Amino acid sequence: MNEHLRAESLSKIFPDIEHLRIELVFNDPNARSPPPSPQQRTLYAAAPAFFRFACPCADCDGVFDLTDAVTTLMTTGAAPKRVASVDGSLSCHGVRFRDHAAHHIGCQMKLSFRLRSEPHGPI
């Protein structure tokens, strides 16, 4: 949490971007219950530029780090006055509490994400 609070603002790191929309869709191929609900977040210029999200499994210690994907989007696709987006996927590398005792390899949660940057002013 401290890293989140210490992160510089989105506008300081990416001054041409008005906001960044983050869509997260989770899937656990081994789950017996429905997957966690999709999430959507919009980070505006004053928001901390912090792009790590906890695994939605309450008993997992893993995180999904979208920092590289956001950096790629902002440096290759998000030119001023242009909307840009990128899709991707990640796997959780955390361990669920219930798996510690069973000595399983790790969490099986998968994340599909879409990032969309919107520049300042009219397009």
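Analyst: Happy to! Bear in mind that this is a predicted model. A search of the whole structure finds one aromatic pair, formed by Phe26 and Phe64.

User: Why is the pair of Phe26 and Phe64 called tilted?

Analyst: Their ring centres are 5.9 Å apart, and rings count as a pair when the centres lie within 6.5 Å.

User: Which residues have the most contacts inside the largest nonpolar core?

Analyst: Leu20, Ile22, Phe51, Leu66 and Leu115 do, in a core of 28 residues. At least two core residues come from each of β1, α3 (67–77) and β6 (110–119), and β1 gives the most, with five. Leu115 touches, among others, Leu20, Ile22, Leu66 and Val86.

User: Why are β2 and β5 described as standing at the edges?

Analyst: The open sheet runs β2-β1-β6-β5 with antiparallel pairing. β2 (39–44) and β5 (84–91) each have a single partner strand, so one side of each lacks a neighbour in the sheet. From one strand to the next, the twist averages 15°.

User: How do you know that β1 and β6 pair?

Analyst: Two strands pair if there are at least two bridges between them, and β1 and β6 have ten, in the antiparallel sense. Asn27 stands opposite Lys110 in β6.

Conventions
Residues are numbered from 1 along each chain as its sequence is written. This is a predicted model: local features need pLDDT of at least 70, side-chain atom pairs count only at pLDDT 80 or more; totals for chains, interfaces and linings use all residues. Side-chain values use heavy atoms; hydrogens and water are left out. Rings of Phe, Tyr and Trp (its six-membered ring) pair if their centres lie within 6.5 Å; planes under 30 degrees apart count as stacked, over 60 as edge-to-face and the rest as tilted. A nonpolar core is a set of buried Ala, Val, Leu, Ile, Met, Phe, Trp, Tyr and Cys residues joined through side-chain atoms within 4.5 Å. Buried means under 20% relative accessible area, exposed over 50%, partly exposed in between (1.4 Å probe, protein chains only). Helices (H or I, at least four residues) and strands (E, at least two) are DSSP runs, numbered from the N terminus. Contact means heavy atoms within 4.5 Å. Axes are lines fitted to C-alpha atoms, for helices over the stretch in contact, and angles run from 0 to 180 degrees between N-to-C directions. Lists of a residue's contacts leave out its neighbours within four places in sequence.
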